[in-house]
Amino acid sequence: MPTPHISAPDGAFAPDILLPGDPRRAKLIAETFLDDASLVTDVRGILGYTGTYQGRPMSVMATGMGMPSATIYATELIRHYGVRRLVRVGTAGGIHPDLQLGDVIAASAAHTDSAMTVHRLPGVNYSHAPSFALLRAAADHADAVGAPLRVGPVLTSDAFYHPDPTLVPRLAAYGTLAVEMEAAALYAVAAAEGVEALMIATISDHVVRGDSLSSDDRERTFEAMVSVALGALTR
């Protein structure tokens, strides 16, 4: 049944879904990777599509920006539409000095400065982790096709323009790969609802060095990220 944020009939979504933040990116993924993709929801301009990939049902839907928005869509997709495996595909700002623009990463853990998880488990410093099965499948697929994939922790932050200039070097000292805004929320929702989730991202800019991909480069490099995500879901 339709929810407050997703107007789609029962069965509109496949059990497996890709979750970009940008609605235009959702449309591009559907047009580029899915066969027979059809628009199933467009409430508030948040586009969702369902089609097939290599003969199996597959959906893609935008989530907007930030943990609250991602939490809303992930929860409704799981509870009301039967989605069981969710892979976020987005961009992240590199922190680790070894990362280069265009590199693809998978988040093996997600630190966060958000209070959202504090409300889930008061008194516990909850560890946000992905589905090991999905993470292993992504790594195995990347190895099989020769696609470089860096696996490690990220920071999920509530602040795009963070006021603490010392945070990034402190995170880098602990091996954090990148900063983004959704992974911890997705991992917490998936754990609470008993489903699987993973975050895969392209390094679109480097927070320390200050360099960034052009808009054209972002469109070219996103295909490697989506291919790894689809490989994980179909492996």
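Is alanine 229 buried or exposed? Select it and see: alanine 229 is buried, with a relative accessible area of 0%. (Buried means under 20% relative accessible area, exposed means over 50%, and partly exposed is in between, using a 1.4 Å probe and protein chains only.)

Before you click on, remember that this is a predicted model, where local features need pLDDT of at least 70, side-chain atom pairs count only at pLDDT 80 or more, and totals for chains, interfaces and linings use all residues. Residues are numbered from 1 along each chain as its sequence is written, and side-chain values use heavy atoms, with hydrogens and water left out.

**Stop 1: around alanine 229**

Alanine 229 sits in helix α7. (Helices are DSSP runs of H or I with at least four residues, strands are runs of E with at least two, and both are numbered from the N terminus.) Show its contacts, meaning heavy atoms within 4.5 Å. Not counting residues up to four places away in sequence, alanine 229 touches Leu18, Val87, Val89 and Ile200. Now pick proline 163 too: its C-alpha atom is 33 Å from that of alanine 229, and the two are 66 residues apart along the chain.

**Stop 2: α7 with α4**

Select residues 132-145 for helix α4 and 215-234 for helix α7. Two packed helices are described by the angle between their axes and the distance between the axes. Here the angle is about 120 degrees and the axes are 8 Å apart. (Axes are lines fitted to C-alpha atoms, for helices over the stretch in contact, and angles run from 0 to 180 degrees between N-to-C directions.) So α4 and α7 are oblique to each other. (Under 35 degrees counts as roughly parallel, over 145 as roughly antiparallel, 65 to 115 as roughly perpendicular, and the rest as oblique.)

To find where they meet, pick Leu134, Ala137, Ala138 and His141 in α4, then Ser227, Val228, Gly231, Ala232 and Leu233 in α7. By class, this contact has 6 nonpolar, 3 polar and no charged residues. (Ala, Val, Leu, Ile, Met, Phe, Trp, Tyr, Cys and Pro count as nonpolar, Asp, Glu, Lys and Arg as charged, and the others, Gly among them, as polar.)

Stay on histidine 141 for a moment. It is buried, with a relative accessible area of 16%. Leaving aside neighbours within four places in sequence, histidine 141 is in contact with Ser227, Val228, Gly231 and Arg235.

**Stop 3: α7 with α1**

Next, select residues 23-33, helix α1, whose axis comes within 11 Å of the α7 axis and crosses it at roughly 65 degrees. That makes α1 and α7 roughly perpendicular to each other. On the α1 side, look for Arg25, Leu28, Ile29, Thr32 and Phe33. Their partners in α7 include Arg218, Phe222 and Leu230. This contact has 7 nonpolar, 2 polar and 4 charged residues.

**Stop 4: the core**

Which residues touch the most other members of the largest nonpolar core? Highlight Phe13, Leu18, Met61, Leu86, Val87, Ile105 and Ile200, out of 67 residues. (A nonpolar core is a set of buried Ala, Val, Leu, Ile, Met, Phe, Trp, Tyr and Cys residues joined through side-chain atoms within 4.5 Å.) The largest share, 8 residues, comes from α7.

**Stop 5**

Select residues 183-193, helix α6: 8 of its 11 residues are buried, so it is largely enclosed by the rest of the structure. Tyr187 and Val189 are among those buried.

Finally, go to arginine 79 in helix α2. Arginine 79 is exposed, with a relative accessible area of 57%.
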